[in-house]
Amino acid sequence: MTPLLQVEDVAKFYGHRIGCTDVSFDLYPGEVMGIVGESGSGKSTLLNCLAGHLTPDRGAVRFDTRADGMRDTITMSEPERRMLSRTDWAFVHQHARDGLRMNVSAGGNVGERLMAVNARHYGDIRDKAIDWLGRVEITSDRIDDRPTQFSGGMQQRLQIARNLVTGPRLVFMDEPTGGLDVSVQARLLDLLRGLVREMNLSAIIVTHDLAVVRLLADRLMVMKDGHVIETGLTDQVLDDPQHAYTQLLVSSVLQV
Amino acid sequence: MTDYNFAYLDEQTKRMIRRAILKGLAIPGYQVPFASREMPMPYGWGTGGVQVSAAVLTPDDTFKVIDQGADDTTNAVSIRRFFQKTAGVKVTEATEEASVIQTRHRIPEQDLRDDQILVYQVPIPEPLRFLEPSEVETRKMHALEEYGLMHVKLYEDISQHGAIATAYAYPVKVEGRYVMDPSPIPKFDNPKLEMAGIQLFGAGREQRIYAIPPYTQVVSLDFDDYPFEASKADHACDLCGAEDSYLDELIVDDEGGRMFMCSDTDYCAGRRKQGHVGAQGVPYAEDAA
């Protein structure tokens with residue numbers, strides 16, 4: 001089986017400071033990979049490099065495109081990369097405000113990606129929007145409300161619907177449950193887990209919440225100071241951490 | 001007249017503007033940046049249109065200015081007098097006789113010929129402005145032809161009003177490439193954007209010039225199931241009886257009395273001279289006396 005995403009020796013520097021360096025891994029179709037680490041460990045920098053928001057200083061990020069197979073997304077032209085990011089890729093931001101258009105209705109938010117790939121039939125776009133709002137548990141009578149009238153959890157679910165409507169194959173998530181209270185978090189995680197399985201999505205989830213990766217991720221990568229210090233199956237890394245920092249991280253989780 | 005250079009602007013500035021116009025004509029619908037000058041009128045009063053007119057006027061031209069279709073409103077009269085004074089060109093109110101027509105928010109009812117130039121005053125040249133506030137981003141969207149967002153606006157219209165409620169500044173796609181703001185003309189005028197004359201658009205405050213060459217394809221954006229419709233008040237002109245012209249609605253008393261009349265004053269007067277009389281109109285000669 002060919003990997004969906006092949007990351008090879010990616011590095012990003014901010015002047016003399018290391019953003020992230022020496023990162024290599026393969027991601028296979030249907031696989032969910034978690035990246036954990038403390039604030040400033042370079043996990044968001046890495047995610048933005050992979051998603052094309054930042055240009056890495058070194059390395060290659062190869063994606064298995066539908067048309068031409070493996071392509072390096074760093075060297076491909078900007079129109080191609082932007083096309084990828086609105087069709088085969090999705091990006092779920094930590095703050096729903098960054099990923100939504102707050103002055104456009106929920107239906108318009110979901111429909112935008114469809115219209116960006118030349119959907120020009122209002123009725124069809126609306127049906128699809130209603131379908132997707134239903135899948136993320138937003139009732140269809142809220143379709144014409146703006147995200148500003150939604151709660152934090154609903155905004156986050158709307159963002160997910162907006163991203164998944166074009167049937168992407170790879171989803172980047174940056175702290176998708178950050179800032180939500182635990183019961184809302186639990187429902188969101190449940191929803192994400194269902195969607196990932198149902199659509200056979202590959203995902204890269206950046207978070208500092210170990211419970212989130214335990215639930216969602218098949219594989220785990222632990223980062224510190226821009227370096228990957230430990231990788232492995234999620235349960236293996238969390239139950240039998242090898243690196244001193246991972247041991248500290250795992251033992252720092254508050255027990256209720 | 002001798003106190004001013006011909007048409008107010010100095011020759012170097014006019015050359016700079018002409019270069020922008022030529023580039024605009026070469027890339028229909030593309031917004032060309034230009035070094036907009038201070039004009040002796042406030043921004044928003046047509047400084048872009050005036051600069052474009054100044055750059056294309058020659059001493060042999062006949063100049064006409066309309067404001068919302070009318071030749072006799074403050075803005076139209078002052079701009080017409082401005083060029084009468086600084087360029088000494090002939091002026092007219094007749095669409096037929098004019099070689100350069102500066103317009104604010106209307107296209108004349110009468111079809112233009114290929115020896116006529118229509119100059120628009122544009123307040124906001126960027127059709128994506130209110131959807132995407134970043135100019136860096138909107139330029140990139142134009143460059144990469146990413147126009148999905150434009151349809152989001154139309155989608156919002158239909159979801160809120162049941163129909164595309166955008167009635168003016170209705171976005172168009174020019175020659176299958178650039179999405180363009182046709183300036184705040186009513187969408188009734190959109191089909192007329194495909195015409196024989198040259199159309200030049202000047203935005204003074206925003207420092208942009210763009211153009212539509214003669215006989216260029218201009219398509220109003222829409223949805224398959226909500227097609228574009230050029231709408232007007234469902235009425236005939238009360239002065240000249242025209243049923244095919246764009247109408248202004250005028251409240252005439254405080255008892256609900258109203259009348260509809262052509263917004264294009266020259267067109268209306270021309271029809272009345274030919275003897276057409278509307279429901280509330282009087283024959284042309286009586287009115288003049």
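This is a predicted model: local features need pLDDT of at least 70, side-chain atom pairs count only at pLDDT 80 or more; totals for chains, interfaces and linings use all residues.

Visitor: Where is B:Thr216 found, and does B:Thr216 count as buried or exposed?

Guide: B:Thr216 is found in the loop between β9 (208-212) and β10 (218-220) of chain B. Buried means under 20% relative accessible area, and B:Thr216 counts as buried because its relative accessibility is 6%.

Visitor: Which residues does A:Asn103 touch, and where is its place in chain A?

Guide: The place of A:Asn103 is in the loop between α3 (96-99) and α4 (106-116) of chain A, and, not counting residues up to four places away in sequence, A:Asn103 touches A:Arg146 together with B:Phe130 and B:Glu156. Its relative accessibility is 45%, so A:Asn103 counts as partly exposed. As for distance along and through the chain, A:Asn103 and A:Asp235 are 132 residues apart in sequence, and their C-alpha atoms are separated by 42 Å.

Visitor: How should I read the packing of two helices?

Guide: Two packed helices are described by the angle between their axes and the distance between the axes. Here, helix α5 (residues 122-135) of chain A and helix α5 (residues 148-161) of chain B have axes that come within 11 Å and cross at roughly 80°, which means that α5(A) is roughly perpendicular to α5(B). In this contact, A:Tyr122, A:Ile125 and A:Arg126 in α5(A) meet B:Tyr155, B:Ile158 and B:Ser159 in α5(B), and these residues divide into 4 nonpolar, 1 polar and 1 charged.

Visitor: At what angle do α1 and α2 of chain B cross, and which residues meet there?

Guide: The axes of helix α1 (residues 11-26) and helix α2 (residues 47-56) of chain B cross at roughly 100° and come within 9 Å, so α1(B) is roughly perpendicular to α2(B). From α1(B), B:Lys14, B:Ile17, B:Arg18 and B:Ile21 meet B:Gln51, B:Val52, B:Ala54, B:Ala55 and B:Val56 of α2(B); by class, the residues of this contact are 6 nonpolar, 1 polar and 2 charged.

Visitor: How many residues of helix α1 of chain A are buried?

Guide: Helix α1 (residues 43-50) of chain A is mostly covered, with 7 of its 8 residues buried, and among them are A:Lys43, A:Leu46 and A:Cys49. Just after α1(A), A:Gly52 takes a positive phi of about 85°.

Visitor: Which residues lie nearest the centre of the second largest pocket?

Guide: They are B:Pro127, B:Phe130, B:Met150, B:Lys153 and B:Ala169, out of a lining of 23 residues. The volume of the second largest pocket is about 460 Å³, and its lining has 13 nonpolar, 4 polar and 6 charged residues.

Conventions:
Residues are numbered from 1 along each chain as its sequence is written. Chains are lettered from A and ligands numbered from 1 in the order in which they are written. Side-chain values use heavy atoms; hydrogens and water are left out. Helices (H or I, at least four residues) and strands (E, at least two) are DSSP runs, numbered from the N terminus. Buried means under 20% relative accessible area, exposed over 50%, partly exposed in between (1.4 Å probe, protein chains only). Contact means heavy atoms within 4.5 Å. Axes are lines fitted to C-alpha atoms, for helices over the stretch in contact, and angles run from 0 to 180 degrees between N-to-C directions. Angles under 35 degrees count as roughly parallel, over 145 as roughly antiparallel, 65 to 115 as roughly perpendicular and the rest as oblique. Ala, Val, Leu, Ile, Met, Phe, Trp, Tyr, Cys and Pro count as nonpolar, Asp, Glu, Lys and Arg as charged, and the others, Gly among them, as polar. On a 1 Å grid over the protein atoms alone, a cavity is a set of points where a 1.4 Å probe fits but cannot get out, and a pocket is an open set with protein on both sides within 12 Å along at least five of seven lines; lining residues have an atom within 4 Å of a point. Grid points are joined across faces, edges and corners, and a volume is the space filled by probe spheres set on the points.
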